[in-house]
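Please read the points below with the sequence and the structure open beside them.

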Amino acid sequence: MYSGTNPKALNSQRLLADALVSLIKEKDYYQISVFDICQSASLSRQTFYNFFNSKEEILYFFFKEQFSDNDKQNLSDTLEYYSVVLRRNKILMQKMFEFSLEGIATGEISKSLFRISDNFFEGTDQPHLYLYKRTLFSGAVAHPLIEWFRTNMAAPLSELTLLIENAFGISHTLYIYNPSEEK
């Protein structure tokens, strides 16, 4: 998948992503061809293959873009941010559940959480384990969030937030990790 910053290339990627998302809402995911996506986006197959190797890569790109603006400083605001994105894409997510593709959204939430996970921990008395703590946290939050959405948000988001805070010993207050403080 293309990962550069060329505005024209990014625009083409977005057009292809928008086309696939629209098509998923209308057709069976496995019935959608690269030709269908290109036709809907008014782009060539060559353009498609310049940027993506598969339909799944388009979905990864789509969700990476959806979750990339998360810069929240506490867990409650972070989960609210993700819930808004998921609700905004409710039909797409329902189709992804139908075709067992929700792992794409889960993975992109996990990556997004990992990028900002320093916001949630004061550090650790075992600095060599800090990376693993962040990794565990990002995966352990992404999966329940997707399950919460799958179950039509059966529990209030505040209860899910409290469950995660308690599991990881996170306070409602803002934590900023500063590795220089550990020396």
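**Notes on the model**

1. Among the contacts in the protein between residues at least 6 apart in sequence, 65% join residues that are at least 24 apart, a contact being heavy atoms within 4.5 Å. This is a predicted model, in which local features need pLDDT of at least 70 and side-chain atom pairs count only at pLDDT 80 or more, while totals for chains, interfaces and linings use all residues. Residues are numbered from 1 along each chain as its sequence is written, and side-chain values use heavy atoms, with hydrogens and water left out.

2. The protein has nine helices and zero strands, where helices (H or I, at least four residues) and strands (E, at least two) are DSSP runs numbered from the N terminus. Read from the N terminus on, the elements run α-α-α-α-α-α-α-α-α. Taken along the principal axes, the C-alpha atoms fill a box of roughly 55 × 40 × 20 Å.

3. Of the 183 residues of the protein, 45% count as buried; buried means under 20% relative accessible area, exposed over 50%, and partly exposed in between, with a 1.4 Å probe and protein chains only. The accessible surface comes to about 9,800 Å², of which 51% belongs to carbon and sulfur atoms, the areas being computed by the Shrake-Rupley method with a 1.4 Å probe, and for residues with only the protein chains shown as cover.

4. Helix H7 (residues 102-116) and helix H8 (residues 130-150) have axes that come within 8 Å and cross at roughly 140°, which makes H7 oblique to H8. Axes here are lines fitted to C-alpha atoms, for helices over the stretch in contact, and angles run from 0 to 180 degrees between N-to-C directions; under 35 degrees counts as roughly parallel, over 145 as roughly antiparallel, 65 to 115 as roughly perpendicular, and the rest as oblique. The crossing of H7 and H8 is right-handed, a term for a near helix turned clockwise from the far one by less than a right angle, with anticlockwise giving left-handed.

5. On the H7 side, the residues making this contact with H8 include Ala105, Ile109, Leu113 and Phe114, and on the H8 side they include Phe137, Val141, Leu145 and Ile146. The residues of the contact of H7 with H8 divide into ten nonpolar, six polar and four charged, where Ala, Val, Leu, Ile, Met, Phe, Trp, Tyr, Cys and Pro count as nonpolar, Asp, Glu, Lys and Arg as charged, and the others, Gly among them, as polar.

6. Helices H1 and H6 (residues 90-98) pack at an angle of about 70°, with their axes 9 Å apart, and H1 is therefore roughly perpendicular to H6. H1 passes H6 in a left-handed crossing. Val21, Ile24 and Lys25 of H1 meet Ile91, Leu92 and Lys95 of H6 in this contact, whose residues divide into four nonpolar, no polar and two charged.

7. Lys8 lies in helix H1 (residues 7-26) and is exposed, with a relative accessible area of 69%. The C-alpha atoms of Lys8 and Glu57, which are 49 residues apart along the chain, are separated by 18 Å.

8. Which residue in the loop between H8 and helix H9 (157-168) deserves a look? Asn152 is placed there, and its phi is positive, at about 55°, although Asn152 is not a glycine. Asn152 counts as exposed at 52% relative accessibility. Met153 is also found in the loop between H8 and H9, has a positive phi near 55°, and counts as partly exposed at 24% relative accessibility. Most residues other than glycine have a negative phi.
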